Amino acid sequence: MVCPRCSSDVPEVSHFCHHCGNDMRTGDSERKNAYAARPDEAVASFKLVSTIMPQGSGKQPYTYKVALGIALLLTVVTAALGALPVAIMIAAFAIPIVYIIYLYDVNLWEDEPIPVVAAAFVLTGVLAALFTWIWSDKVGLSIATIGENRSGPSLRDLLIVLLLVPVVSELIRQIGPLYLASRPRYDDLMDGFTFGVVAGVGYACFETLVLHWGWISGGFAGPGSSAGTWISIVVLHGFIKPLVYGSATGLAGAEFSGLGEKYDGFTPRWVGGLLQAMVVNALFQGGIYLLGFVGGRGSTVGAILGVVWGLLLLGALIIRVRTVLHKGLLEAALESAARGGSNHASGELAFCSRCEMPLLPHSDFCSACGNSVRSVPKSARGVTAGAGASGYEATTGETQA
């Protein structure tokens with residue numbers, strides 16, 4: 001039969017077109033119920049791991065979920081007990097560490113870990129610490145202790161948190177991802193997004209350390225009536241903020257990489273993604289600042305409302321990220337189909353990394369489960385693309401006697 005979307009010849013038993021990913025059974029060309037990077041999930045769903053870790057997360061998602069859950073539990077317990085230095089350190093480094101482990105698992109850096117981590121995490125972190133110190137200390141504004149600022153917001157502070165911080169911080173977070181995405185070996189759509197997430201969580205980590213350095217150096221506070229405020233703040237800055245920053249920056253990085261094999265560069269789509277990230281930053285920073293005054297000085301109510309506001313923004317971003325990546329993978333596959341198909345899976349013994357069914361030559365999608373071949377790690381693609389070789393042979397280069 002013929003795919004109505006890309007006009008490719010598709011075997012009768014196929015559920016999905018192996019070239020463009022079209023659902024041949026339902027006729028839903030947009031695949032709203034089969035996310036391209038994880039086809040057993042709907043596109044509009046709040047699935048954190050498969051959203052921020054799209055490459056290879058389908059194989060062991062519970063590993064990352066458990067790691068993040070343990071870190072969150074330790075943060076809440078230590079904050080409730082008044083061990084603020086420990087709580088802040090766990091909260092600040094939890095998501096960056098889990099994400100770097102994810103990068104190692106999927107081998108995104110292709111045996112170049114130092115340049116990738118240095119450009120996307122360390123460089124961003126150093127610049128984040130410097131800029132945060134300038135605007136929070138030297139400029140005269142500090143929102144490190146949310147709910148403990150002056151009796152009301154000031155116009156000067158609002159200009160800082162709504163304009164200065166969102167714009168400059170996002171430009172800083174773009175440096176590493178854009179440098180990496182402009183290199184030929186990292187010019188894929190998924191690479192640009194992932195590098196943006198790395199930069200975002202790295203920035204959030206060092207920003208949190210600078211903003212809350214008073215708590216870190218203050219020592220053990222002991223359990224008290226402020227436990228609810230402490231928990232809300234460390235959860236907000238340690239878990240919600242890095243995900244907001246990372247998702248927003250990742251979207252801009254994906255637009256920079258574009259759909260094709262070569263990066264698109266500074267196109268209007270990248271400008272739109274950059275402005276979108278700045279708006280998200282402004283909404284996050286401004287909302288947290290203003291809600292910090294609700295209930296008066298040091299109010300737990302304001303801190304909890306800040307967490308709720310952050311979760312609402314994060315939820316909207318997750319849906320946005322999934323929609324953009326989903327459409328990007330489908331559109332890129334359609335362009336590839338017009339050129340005769342991709343080279344992601346071209347061997348006679350190529351298999352889907354998710355369902356382990358055989359892949360048809362020059363596939364962009366698995367015809368059985370609909371998983372995007374581009375959503376799996378490049379190292380796994382190399383194994384599946386071994387022309388006539390088994391996984392062992394493709395990996396080691398050896399042949400069996």
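Let's start with a pair of neighbours: helix α9 (residues 268-291) and helix α10 (residues 300-338) have axes that come within 8 Å and cross at roughly 165°. An axis here is a line fitted to C-alpha atoms, for helices over the stretch in contact, and the angle runs from 0 to 180 degrees between N-to-C directions. That crossing angle makes α9 roughly antiparallel to α10. In these terms, angles under 35 degrees count as roughly parallel, over 145 as roughly antiparallel, 65 to 115 as roughly perpendicular and the rest as oblique. The crossing of α9 and α10 is right-handed; a crossing gets that name if the near helix is turned clockwise from the far one by less than a right angle, and is left-handed if the turn is anticlockwise.

A word on what you are looking at: this is a predicted model, in which local features need pLDDT of at least 70 and side-chain atom pairs count only at pLDDT 80 or more, while totals for chains, interfaces and linings use all residues. Residues are numbered from 1 along each chain as its sequence is written, and side-chain values use heavy atoms, with hydrogens and water left out.

Which residues of α9 and α10 meet? From α9 come Gln276, Val280, Leu283, Phe284, Gly287, Ile288 and Leu291, and from α10 come Gly302, Leu305, Gly306, Trp309, Gly310, Leu313, Leu317 and Arg320. Contact means heavy atoms within 4.5 Å. This contact is made up of nine nonpolar residues, five polar and one charged. Ala, Val, Leu, Ile, Met, Phe, Trp, Tyr, Cys and Pro count as nonpolar, Asp, Glu, Lys and Arg as charged, and the others, Gly among them, as polar.

Now step back to the whole chain. It has 12 helices and zero strands. Helices (H or I, at least four residues) and strands (E, at least two) are DSSP runs, numbered from the N terminus. Of the chain's 401 residues, 55% count as buried, where buried means under 20% relative accessible area, exposed over 50% and partly exposed in between (1.4 Å probe, protein chains only). Among contacts between residues at least 6 apart in sequence, 69% join residues at least 24 apart.

Helix α3 (residues 84-106) and helix α6 (residues 189-211) pack at an angle of about 160°, and their axes are 9 Å apart. That makes α3 roughly antiparallel to α6. Here the crossing is left-handed. Among the residues that meet are Phe93, Tyr99 and Leu103 in α3, and Thr194, Val197 and Val201 in α6. The residues of this contact divide into 14 nonpolar, two polar and no charged.

Leaving out residues up to four places away in sequence, Tyr99 touches Ile52, Met53, Thr194, Val197 and Val198. Where else does Tyr99 turn up? Tyr99 belongs to the largest nonpolar core, which has 80 residues, and there Met53, Tyr99, Val234, Val244 and Phe284 touch the most other members. Helix α8 (residues 227-257) gives the most to this core, with 14 residues. A nonpolar core is a set of buried Ala, Val, Leu, Ile, Met, Phe, Trp, Tyr and Cys residues joined through side-chain atoms within 4.5 Å. There is also a second, separate core of seven residues, which includes Cys6, Val10, Cys17 and Cys20.

The C-alpha atoms of Ala337 and Cys20 are 317 residues apart along the chain, yet are separated by 6.3 Å. Ala337 counts as buried because its relative accessibility is 13%. Beyond its neighbours within four places in sequence, Ala337 is in contact with Cys6, Ser8 and His19. Ser367 sits in the loop between α10 and α11 (378-384). Ser367, too, counts as buried, at 13% relative accessibility. Its partners, not counting residues up to four places away in sequence, are Ser14, His15, Phe16, His18 and Leu360.

Our last stop is Lys47, in the segment before α1 (48-52). Is Lys47 buried, exposed or partly exposed? At 39% relative accessibility, Lys47 counts as partly exposed. Lys47 touches Glu41, Ile318 and Arg322, again not counting residues up to four places away in sequence. Lys47 and Arg322 are 275 residues apart along the chain, and their C-alpha atoms are separated by 9.1 Å.
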